[in-house]
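Visitor: Hi! Could you walk me through this one?
Guide: Happy to, let's have a look together.

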Amino acid sequence: MTFYVPKQYYTFYMSNLDLKQRLEILADSAKYDVSCSSSGSNRKGVPGGVGNTASSGICHTWTADGRCISLLKILLTNSCLYDCAYCVNRNSNPIQRTALTPDEVVRLTMDFYRRNYIEGLFLSTGVFHSADHTMEQLILVARKLRLEERFNGYIHMKVVPGADSQLIRQIGLYADRVSINIELPSSRSLQLLAPDKTRQSLIAPMRQLSGLIETSRQERKQSRKAPQFAPAGQSTQLIIGATPESDLEIIRLSEVLYQRLAMKRVYYSAFVPVSSDNRLPAMAVPPLLREHRLYQADWLLRFYGFAAHELLDQNNPNLDMRLDPKTGWAMRHLELFPVEVNRADYEVLLRVPGIGVRSAQRIVVARREGRLKEEELKRLGVVLSRARYFITADGRYLGGIKLDGPELLTRLTAPKRRKAALDQLELFPPSAAVTAITGEL
Amino acid sequence: MQRYRYQDGFEGFLCAVSLCLVDGAEPTGFLRGTVETEPDLFGETVIEIATDRQTALQFRERFMKAVSQPAFATARYAFHSQRADVELLLWRYFTLGLKTGKRMGNMLADRDVATVDKLGRGVAHEAHKYKGFIRFRELKQGFLYACIEPQADILVFLAPHFVQRIGDRPWMIHDMQRAQAAIYDLKQWRLLQGVESSSTPEYTQIEEECTELWQHYFKRMAIKERYNPKLQQQHVPLRSRKYLVEFEPIK
C-alpha cells in the first residue's frame with residue numbers, strides 16, 4: 001500500500017483511495033448529522049455568477065430512509081482526536097480513515113451544484129491536530145468557494161468547539177448557517193459518553209455565535225453594507241435515546257436554546273447504535289416515533305405559542321406516543337373546548353388539534369366575509385378528522401359524540417380508515433404534514 | 001353564445017379576457033391555440049384572439065390594482081395547471097375580483113376562489129419541487145441539458161430561478177410531454193415550442209464521473225436502520241424519478 005500526504009499540514013496519512021471511495025467513506029461518517037435544511041437565507045444571484053439561496057430552502061432528493069438531501073453533507077476528514085461513545089467517528093472505532101482536500105471539496109460542491117443535485121455545502125469534520133487547525137481548514141474551503149469560485153449558494157459550516165474566537169468570527173462571514181452539536185441533553189451524560197467535552201466548552205462558542213449573529217443583524221439595519229454574519233442563524237442537534245433524559249428535559253433545553261441563544265433550529269436524531277460500547281443502551285431499532293413526537297413538540301414551541309411546561313411536567317415527563325403533543329395537551333384541557341371557529345382568537349385556533357398555522361390564518365381571513373360552517377371549513381382546506389371534536393362551526397358541534405375523555409381518546413387513537421374513493425378525484429391532494437419530519441419549512 | 005380562441009398561453013388568455021370585458025360578453029368557452037375546432041352544432045361562433053402584449057399587461061395592472069398582486073399570481077399559477085375548464089373558472093375569478101375589489105382577498109371560502117387557490121397552490125408546489133428535481137447534464141455540444149415531465153406547465157416558473165442560479169453556462173430545460181423548452185444563452189432565457197430530441201444525448205467525460213460520484217454518495221447517505229421506502233416515495237413519486245440520475249442503475 002502506498003501513502004501520500006495531500007497537504008503538508010495534514011498530520012495523518014491518507015491511503016491512496018480514489019475520490020469515489022473517499023466520498024463514500026466520508027458520506028458514511030457524515031450521515032448521522034440530521035440537519036438538512038437550506039432555508040433561512042435569501043441571497044440573490046449575481047449576473048453570470050453561480051448560485052443563490054431561497055429563503056424557503058429546497059430539497060433536491062430523498063434517500064431510501066425518507067430523509068431529504070438538500071446539501072452536500074460531507075466531512076473533511078473522519079479522523080478524530082476525540083472518543084465520544086455515541087459517535088461513529090470516535091477515535092477507538094476501527095473504521096477506515098480518510099480525508100478530502102479543501103480543493104476537492106470545492107470542486108465537488110461546484111460540480112454537484114451546477115447539475116442541481118444540491119443547494120450547497122454542509123461541511124463538518126473530525127477534529128485533527130487541534131481545534132484551531134481544523135477550523136482553519138473549514139474556513140479555507142468556505143473562503144475558496146465564496147471568493148475564488150464566486151459561489152452564492154448555501155453554505156452550512158460546523159464550528160469546532162474549542163477553536164479560537166477569532167476563527168469563529170471568520171467562519172460566519174462566509175457561511176449562511178453555523179452549528180455546534182450539543183448531542184447529549186445533559187452534563188452528566190456528556191461526562192459519561194464524551195469525556196473530552198464539557199457542557200461549558202459547547203455553550204461558550206454557541207453564545208459567541210449568537211452574539212455575533214445579533215450584532216450583525218443590528219448593524220445591517222443601520223447600513224446594508226455592514227458584513228453579514230451567518231444570515232441563516234445557528235442550529236444544533238440532540239441525540240435521542242442514547243442516554244436516559246426524559247422528553248421534559250429535552251424540550252426544556254430546546255426552549256432555553258430558542259429563547260436565550262435565538263437558535264434557528266434544534267434537530268433531534270434518534271440514536272442509531274453505531275457501537276457496542278457498554279455505556280450505551282442496546283437497541284434493536286432507533287426510537288423514530290419518539291423523535292417524531294419531539295419534532296412535533298418543537299414545532300409547538302416555535303410556531304404555536306406553547307411553553308414547555310404546558311406540554312410536559314414532572315408527573316408526565318414523557319410525550320404520549322399514541323397522540324401528537326397538541327392533542328395530548330387538549331385532552332388534558334377538555335374544559336377549554338369546543339371553541340367557535342367564527343369567534344375564537346387566532347392564538348386559540350392554533351391550539352385546536354388538527355388546525356395548523358395555515359388553516360388558522362385562513363379561518364381568520366375568511367370569516368371576515370361570512371359565517372363559516374362545516375362546508376366552508378372544508379373548502380378552506382381545514383382537515384377536520386381531529387379538529388371536529390374540538391370546535392363548533394356557526395354554533396354546531398361537529399364531533400357527533402359528547403366530549404368525554406375516554407371515549408374521545410378511543411376515537412382519536414383508532415387506526416385510520418381507508419380514505420373514501422371520492423378523495424382520489426382531487427387533482428392536487430394536500431401534501432401530508434410530513435414536512436415536520438424532514439425539517440423543512 | 002361565443003367561444004374565444006387564444007394563442008401563446010397566459011398572455012393570449014388575458015387578451016381574450018380583456019376582449020370579453022370590452023364586449024360585455026359572457027363567454028361559453030375558451031379554446032387554446034392548438035385545439036381543433038369542433039363542428040359548429042349550436043350556432044356558436046368562435047372568435048380568434050390576437051395576442052397583444054400591451055393588452056395583457058394592461059389587464060394585469062388593472063386586476064392587481066383592483067384586487068392584489070398575490071391574487072393575480074395565484075391565477076397565473078392556476079392557469080398553468082392546464083386543467084380542462086380552467087379558463088372559464090379564471091374568467092369567473094377575474095370578474096368576481098373586478099366586482100368585489102380588495103375584499104376578494106378574504107373570500108377564501110367562496111367556491112371559485114377556493115378552487116383557483118387550490119389549483120394555484122398545487123402548481124406552485126410542483127414548481128417548487130422541480131426546482132429541486134431538475135438534473136442538468138453536460139452535453140458534448142457544450143451546454144447543460146435537463147429533461148422533465150411535470151404534470152403542470154411549469155417551465156415559466158422554473159426558468160427565472162435557474163437564470164439566477166446557473167448564470168455562467170448556457171442551459172436548456174426540456175419539457176418532454178409538451179415538446180417545449182426553456183433555453184438560456186448567457187444573456188436571457190426564451191421559451192421554445194416544438195422541441196423534440198432527435199438522438200440520445202451524448203455526455204461529456206466529466207459528466208459520467210459526476211453521475212457516478214453522485215449515485216454512490218446518494219446510496220451511502222441512507223441509514224439502513226431507518227430504511228423507509230414508503231416515506232421516500234411520498235416525497236419522490238415514481239413518476240418524477242425518470243430523469244433523476246440518482247435513481248438510475250449504477251453502471
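Guide: One term to begin with: two residues are in contact if their C-beta atoms, placed from the backbone, lie within 7 Å. This is a predicted model, where local features need pLDDT of at least 70 and side-chain atom pairs count only at pLDDT 80 or more, while totals for chains, interfaces and linings use all residues. Residues are numbered from 1 along each chain as its sequence is written, and chains are lettered from A and ligands numbered from 1 in the order in which they are written.

Visitor: Okay, which domains does chain A have?
Guide: Domain 1 covers 3-311 and domain 2 covers 325-438; such bounds come from an automatic or database domain assignment. The C-alpha centres of the two domains of chain A lie 37 Å apart.

Visitor: How many residues of domain 1 of chain A are in contact with domain 2?
Guide: There are 16 from domain 1 of chain A, and they meet ten residues of domain 2 of chain A. On the domain 1 side, α8 (288-303) and α9 (308-311) of chain A each give two or more residues. Helices here are DSSP runs (H or I, at least four residues), strands are runs of E (at least two), and both are numbered from the N terminus. The largest share of that side, eight residues, comes from α8(A).

Visitor: And how do the residues on that side of domain 1 of chain A divide?
Guide: Into ten nonpolar, three polar and three charged. Ala, Val, Leu, Ile, Met, Phe, Trp, Tyr, Cys and Pro count as nonpolar, Asp, Glu, Lys and Arg as charged, and the others, Gly among them, as polar.

Visitor: New topic: what joins A:F337 and A:P338?
Guide: A cis peptide bond, with omega about 0 degrees. A:P338 sits in the loop between α10 (325-331) and β11 (339-340) of chain A.

Visitor: What about A:N116, is it buried or exposed?
Guide: A:N116 counts as buried because it has 24 C-beta neighbours inside 10 Å. The cut-offs are 20 or more other C-beta atoms within 10 Å for buried, 12 or fewer for exposed, and in between for partly exposed, with C-beta atoms placed from the backbone. Phi of A:N116 is near 65 degrees, a positive value in a residue other than glycine. You'll find A:N116 in the loop between α2 (102-114) and β6 (120-124) of chain A.

Visitor: Let's do chain B. What's the length of helix α2 in chain B?
Guide: Helix α2 (residues 53-66) of chain B has 14 residues and reaches 20 Å from its first C-alpha to its last, close to the 20 Å expected at 1.5 Å a residue. That expected span is 1.5 Å times one less than the number of residues.

Visitor: Which residues of α2(B) are buried?
Guide: B:T55, B:A56, B:F59 and B:F63. Seen down the axis of α2(B), these buried residues fall within an arc of 100 degrees, so they line one face of the helix. The arc is that of the directions from the helix axis to the C-beta atoms.

Visitor: Why would they line up like that?
Guide: An α-helix has 3.6 residues a turn, so residues three or four places apart point the same way.

Visitor: What covers the buried residues of α2(B), and what's on the face turned away?
Guide: The cover includes α1 (9-23), α3 (69-79) and α4 (86-100) of chain B. The face turned away carries the exposed residues B:R53, B:Q54, B:L57, B:E61 and B:K65.

Visitor: Last one: how many residues does each chain give to the contact between A and B?
Guide: Chain A gives 51 residues and chain B gives 48. The largest share of chain A's side, six residues, comes from α1(A).
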